[in-house]
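Dear colleague,

I am passing on to you the structure that we discussed. Please find the sequence and the coordinates here, followed by an account of what was found.

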Amino acid sequence: MTLLGSHVGMSGKEMFLGSVKEAVSYGANTLMLYTGAPQNTRRKQIEELRIGEGWEYAAQHGVEEIVVHAPYIINLANTVKPETYELAVTFLEKELKRTAAMKSKVLILHPGSHVNAGAEAGIEQAIKGLNTVLDQNDDDVVIALETMAGKGSEIGRSFQEIRAIYDGVHKRERLRVCLDTCHLNDAGYDLVNRYEEVLREFDEIIGLDQIAVIHVNDSVNPLGSHKDRHANIGSGTIGYETLHRLVHDVRFQAVPKILETPWLCAEGEKKKTIPPYKEEIAWLKAANKGNQGSNGRRGI
């Protein structure tokens, strides 16, 4: 059975229980969440997250696996500001423990930005930070390095850069990869026309068995743009057919696939208030790729 879900929130009185309910309402059988706001370090105590109740509800509705995403403020690659690096190390340690408490096996992490110090310096600093964290952590949670679009001074824009991080980490068995389709496209990996070639290249450099999560996103921008702007399924330059192919690729059947597509506006409104995930999950789950509207897109 294909694992397909979306990013969901975790807030209010229900916390994780509410996260699972949201995912189930979309027809999802997996989900991704942040343990708190991705832009800051404020976090509720683990005891307040209603983890047990959430997993009880998950078991009743066929959700067996969740993934956690580390906050954006973690930048292990920063050599310019020591305080930023130290915060990243300290907070990544806490997020690993919170991920384990959430009963997730995977914590997704952006490799970081070198802040104009150069990719080599950024990679070395990220390796240093990962070694500091993992060498003193014995949880069974793996850190999945996300493939990045290459905007600004991001590292992780190529398979080779991610491999370089692997090669420097002492506990490399604790590393995995999160493939993001929008980021791959914007970094210059042509999934549309070279699907098998891109996966073969990844397999040769890192290994397909290292893929722990796939972010399923269309892209607003053309191949190699290094922009990183997600589009709804079938509305971007990657398109439904390629994303459907990836979702149903038997090699990734057991890999959680997570939608991070933009919310939509109600007719006549400018504010985005409508989650697209129920319709997009159903559309991607469809065995027949021809299940589309007259304009080639699903009707949302």
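In α4, the residues Ala119, Ile123, Ile127, Leu130 and Asn131 meet Glu161, Ala164, Ile165 and Gly168 of α5. Please note that this is a predicted model.

The helix pairs

Helix α4 comprises residues 119-134 and helix α5 residues 159-168; their axes come within 9 Å and cross at roughly 40°. The crossing in which α4 passes α5 is right-handed.

Helix α4 also packs with helix α3, which spans residues 82-101; here the axes come within 10 Å, with a crossing angle of roughly 40°. The pair α3 and α4 is therefore oblique, and its crossing is right-handed. From α3, the residues that make the contact are Tyr85, Val89, Leu92, Glu93 and Leu96, and from α4 they are Gln125, Lys128, Gly129, Leu130, Thr132, Val133 and Leu134.

Ala119 and Ile155 are separated by 36 residues in sequence, yet their C-alpha atoms are 6.2 Å apart in space. Beyond its neighbours within four places in sequence, Ala119 is in contact with His114, Ile155 and Glu161.

The nonpolar cores

Which residues have the most contacts inside the largest nonpolar core? That core has 77 residues, and the ones in question are Leu76, Leu92, Leu109, Leu130, Ile143, Phe252 and Leu284. Another core, of ten residues, lies apart from the largest one and includes Met32, Ile108, Ala144 and Val213. As general background, nonpolar side chains in soluble globular proteins tend to be buried together.

Covered positions in helices

Helix α8, residues 240-247, is mostly covered, six of its eight residues being buried. The buried residues of α8 are Tyr240, Thr242, Leu243, His244, Leu246 and Val247.

Gly54 belongs to helix α2. Gly54 is buried, because its relative accessible area is 0%. With its neighbours within four places in sequence left aside, Gly54 has contacts to Phe16, Leu17 and Val20. Gly54 and Ser219 are 165 residues apart in sequence, and the distance between their C-alpha atoms is 32 Å.

A buried threonine in a loop

Is Thr35 buried or exposed? With a relative accessible area of 3%, Thr35 is buried, because buried means under 20%. Its position is in the loop that runs between β2 (30-33) and α2 (51-60). The side chain of Thr35 forms a polar contact of 3.2 Å with the side chain of Arg43 and another of 3.0 Å with the side chain of Glu95. Apart from its neighbours within four places in sequence, Thr35 is in contact with Met10, Arg43, Val68, Glu95, Arg98 and Met102.

Two positive phi angles

Finally, I would draw your attention to the backbone at two loop residues. Met15 is not a glycine, but its phi is positive, at about 50°. This residue sits in the loop between β1 (4-7) and α1 (16-25), and Met15 is buried, because its relative accessible area is 5%. His226, likewise not a glycine, has a positive phi of about 55°. The loop that holds His226 runs between β8 (218-219) and β9 (230-231). At 32% relative accessibility, His226 counts as partly exposed.

With kind regards

How values were computed
Residues are numbered from 1 along each chain as its sequence is written. This is a predicted model: local features need pLDDT of at least 70, side-chain atom pairs count only at pLDDT 80 or more; totals for chains, interfaces and linings use all residues. Side-chain values use heavy atoms; hydrogens and water are left out. A nonpolar core is a set of buried Ala, Val, Leu, Ile, Met, Phe, Trp, Tyr and Cys residues joined through side-chain atoms within 4.5 Å. Buried means under 20% relative accessible area, exposed over 50%, partly exposed in between (1.4 Å probe, protein chains only). Helices (H or I, at least four residues) and strands (E, at least two) are DSSP runs, numbered from the N terminus. A polar contact is a pair of N or O atoms within 3.5 Å; within protein, one must be able to donate a hydrogen and the other to accept it, and residues adjacent in sequence count only if both atoms are side-chain atoms. Contact means heavy atoms within 4.5 Å. Axes are lines fitted to C-alpha atoms, for helices over the stretch in contact, and angles run from 0 to 180 degrees between N-to-C directions. A crossing is left-handed if the near helix is turned anticlockwise from the far one by less than a right angle, and right-handed if clockwise. Angles under 35 degrees count as roughly parallel, over 145 as roughly antiparallel, 65 to 115 as roughly perpendicular and the rest as oblique.
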